[in-house]
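Thanks for passing this one along. Here are my notes, in numbered points, to read with the model open.

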Amino acid sequence: MTKKQQELLPADTSRCQAEYFEGPTFMRLGPVARTRCGNRPTAVITEAENGPDGLKGSMSLCSDCFSAFLKYDSRKVIVE
């Protein structure tokens with residue numbers, strides 16, 4: 001990786017950074033698209049340990065996305 005690829009963007013304090021998939025279901029066909037949540041963030045989470053790339057990432061989440069994160073992700077994070 002080059003130095004430019006390793007630079008992380010700071011957490012966005014104006015909009016939740018979670019993304020969800022919108023796309024086909026059994027009733028609807030078509031391409032799957034990622035859509036970014038538009039809610040205001042209530043927390044910023046930061047990885048407690050460096051990731052596989054050697055960096056610690058962080059992101060802002062709204063209360064709904066934070067609840068989903070806690071339910072489906074087992075990584076240890078620091079909540080601000």
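1. The side chains of T46 and E80 are joined by a polar contact of 3.3 Å. By polar contact I mean a pair of N or O atoms within 3.5 Å; within protein, one must be able to donate a hydrogen and the other to accept it, and residues adjacent in sequence count only if both atoms are side-chain atoms. T46 sits in strand 3 and counts as buried because its relative accessibility is 15%. The cut-offs there: buried is under 20% relative accessible area, exposed is over 50%, and partly exposed is in between (1.4 Å probe, protein chains only).

2. Some ground rules before going on. This is a predicted model, where local features need pLDDT of at least 70 and side-chain atom pairs count only at pLDDT 80 or more, while totals for chains, interfaces and linings use all residues. Residues are numbered from 1 along each chain as its sequence is written, and side-chain values use heavy atoms, with hydrogens and water left out.

3. On the overall layout, the chain has two helices and five strands, running α-β-β-β-β-α-β from the N terminus on. Helices (H or I, at least four residues) and strands (E, at least two) are DSSP runs, numbered from the N terminus. Of the 80 residues in the chain, 20% are buried.

4. Three strands make an open sheet in the order 4-3-5, with antiparallel pairing; strands pair if DSSP finds at least two bridges between them. Strand 4 and strand 5 are the edges, each pairing on one side only. Neighbouring strands are turned by 25 degrees against each other on average, direction ignored (axes are lines fitted to C-alpha atoms, for helices over the stretch in contact, and angles run from 0 to 180 degrees between N-to-C directions).

5. Which residues pair with strand 3? Four bridges join strand 3 to strand 4, and I45 stands opposite M59 in strand 4. Three bridges join strand 3 to strand 5: T46 has I78 as its bridge partner, and E47 has V77.

6. How well covered is strand 3? Five of its five residues are buried. In a regular strand, side chains alternate between the two faces of the sheet. Here A43, I45 and E47 are buried on one side, and V44 and T46 on the other.

7. Have a look at the largest pocket, with about 380 Å³ of space. Its lining has 18 residues, and the closest to its centre are I45, S58, M59, L61 and R75. Strand 3 (43–47), strand 4 (58–61) and helix 2 each supply at least two lining residues. By class, the lining has 10 nonpolar, four polar and four charged residues. For the method: on a 1 Å grid over the protein atoms alone, a pocket is an open set of points where a 1.4 Å probe fits, with protein on both sides within 12 Å along at least five of seven lines, and lining residues have an atom within 4 Å of a point.

8. Last, D73, in the loop between helix 2 (63–72) and strand 5 (77–79). D73 counts as partly exposed because its relative accessibility is 24%. Its side chain makes a polar contact of 2.7 Å with that of R75.

Key:
Grid points are joined across faces, edges and corners, and a volume is the space filled by probe spheres set on the points. Ala, Val, Leu, Ile, Met, Phe, Trp, Tyr, Cys and Pro count as nonpolar, Asp, Glu, Lys and Arg as charged, and the others, Gly among them, as polar.
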